[in-house]
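Please read these notes with the model open beside you. Take the points in order and find each residue as it comes up.

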Amino acid sequence: MNLTVKALNRTALLACAPFLGIMIWLLLSDMVIQLSTEAFPQPVTQQARPAEADIKHASSGLDLAQETASLTHESIQKQLKLYNETNADMAQISSIAASQAMRPLEIYDRNITAKLGKASATIESDKLRAQLFYIKAENFSAYALKVKLKSSDAMTMTLGGDELGKAESTLAAVNRHGAVAGVNAGGFADGRGKRYPLSTTIVDGYYATGFEPPHADLFFVGLNEQNELIGGKFATKEQLDAKKPKFGASFVPVLLRGGAPQPIPAKWQTSPKRAPRTIIANYKDDQLLFLVADGYNEAGSSGATLSEMQLLLQRYGAVDGYNLDGGGSSSLIFNGRVINNPSDGSLRKLPTHFLFFK
């Protein structure tokens, strides 16, 4: 069969005519295609809106909580302010109380210092305050060393050369131990080329010579663990141990107890009558007082009598006073200098020394 081009075109036109007609109809018509709600995807979750009453209730709860928090904050701020004000008031009261508590001690110190005169030199540190005074009495010249101990290691007593039986001058002991001041301590006895402390002697809390009951007017004097002066005649070691002595030495006689002069045994009133003297005493506030009197010999014609030293102790307001070794043994070192005038012409070598550190 022979197909002509014209026949083919007619056949194609007839085949496409229905489709063309439908397209034209769709374009010219007002038809709207509407999808049902089922055609759209649903949300994964849906939350129902709370009721209006529930919203108001929650809102009022939040408002109440906010108001409570605000009131609590204000209360805390008021309490904090009151606490800070109270602390400030208490600190001020404490400061005033402390200053008022110290005032009687300051007044007392001024009074006893005024009796000594004007200090010629003072050493002040965290450990101690040491004041040096020059005294001109009717029959002799003397020196006073007033010491306030602020620390447990501000004062000690040493053996000469740190060994029993050895001796050295107080100046040598001061220099060897790096002390700022020093005073001779107890009596001594010589034997076999050595110089031993007299009777009961305690160094660093230990008995260097053992305990010896009192005899021939001997007494023990030293400091306890509270830096308090302890002294007197102790019949037993237990009596002395009860005082908790740190250090101390022995000599004769006791001069003052509780501010009252003690009877001076006749032997010590005339043997010798006058001499260089060294005295240790204390005050009511536990400050220490050392008196050192000059004399040019030990023959009894220069220096001070023990009665005169008692009078000085009373005049200066001391409580307890004890006579230490005197004569050529009297030694007072202050700030590296020998203050007194040793009757031997130079410092005597001694077995015990009181030393002070700043």
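1. Terms first. Helices (H or I, at least four residues) and strands (E, at least two) are DSSP runs, numbered from the N terminus. Residues are numbered from 1 along each chain as its sequence is written. This is a predicted model, in which local features need pLDDT of at least 70 and side-chain atom pairs count only at pLDDT 80 or more, while totals for chains, interfaces and linings use all residues; side-chain values use heavy atoms, with hydrogens and water left out.

2. Two cis peptide bonds. Proline 272 sits in the loop between helix H5 (266–270) and E15. A cis peptide bond joins serine 271 to proline 272, with omega about -5°. Proline 253 lies in the loop between strand E12 (245–251) and E13. Valine 252 and proline 253 are also joined by a cis peptide bond, and there omega is about -20°. Why look at these bonds? Most residues other than glycine have a negative phi, and most peptide bonds are trans.

3. Positive phi. Aspartate 162 is not a glycine, yet its phi is positive, about 60°. Aspartate 162 belongs to the loop between E4 and H3. Its relative accessible area is 45%, so it is partly exposed (buried means under 20% relative accessible area, exposed over 50%, partly exposed in between, with a 1.4 Å probe and protein chains only). Aspartate 204 also has a positive phi, near 55°. The loop between strand E8 (202–203) and strand E9 (206–207) holds aspartate 204. At 56% relative accessible area, aspartate 204 is exposed.

4. One face of a helix. Which residues of helix H3 (residues 170–177) are buried? They are Thr170, Ala173 and Val174. Seen down the axis of H3, these buried residues fall within an arc of 100°, so they line one face of the helix (the arc is that of the directions from the helix axis to the C-beta atoms). An α-helix has 3.6 residues a turn, so residues three or four places apart point the same way. The buried residues of H3 pack against strand E4 (155–159), strand E5 (181–184), strand E18 (332–334) and E20.

5. The sheet. An open sheet of 5 strands has the order E4-E20-E5-E18-E19, with antiparallel pairing (two strands pair if DSSP finds at least two bridges between them). E4 and strand E19 (337–338) each have a single partner strand, so they stand at the edges and one side of each lacks a neighbour in the sheet. E18 and E19 run antiparallel and are joined by 2 bridges. Phenylalanine 334 stands opposite arginine 337 in E19.

6. Phenylalanine 354. Is this residue, Phe354, buried or exposed? Phenylalanine 354 is buried, with a relative accessible area of 0%. Its place is in strand E20 (residues 352–356). Not counting residues up to four places away in sequence, phenylalanine 354 touches residues including Met155, Val183, Phe247, Ile280 and Leu324 (contact means heavy atoms within 4.5 Å). Glycine 186 is 168 residues away along the chain, but the two C-alpha atoms are separated by 9.3 Å.

7. The cores. In the largest nonpolar core, of 64 residues, Leu291, Phe354 and Phe356 touch the most other members (a nonpolar core is a set of buried Ala, Val, Leu, Ile, Met, Phe, Trp, Tyr and Cys residues joined through side-chain atoms within 4.5 Å). A second, separate core of 7 residues includes Val174, Ile333, Leu347 and Phe357. In soluble globular proteins, nonpolar side chains tend to be buried together.

8. Strand E17 (321–324) and its partners. Gly321 and Asn323 point one way from E17, Tyr322 and Leu324 the other way, and all are buried. E15 and E17 pair in the antiparallel sense over 4 bridges. Isoleucine 279 stands opposite asparagine 323 in E17. Strand E13 (residues 254–257) is joined to E17 by 2 bridges, and the two run antiparallel. Valine 254 has tyrosine 322 as its bridge partner in E17.
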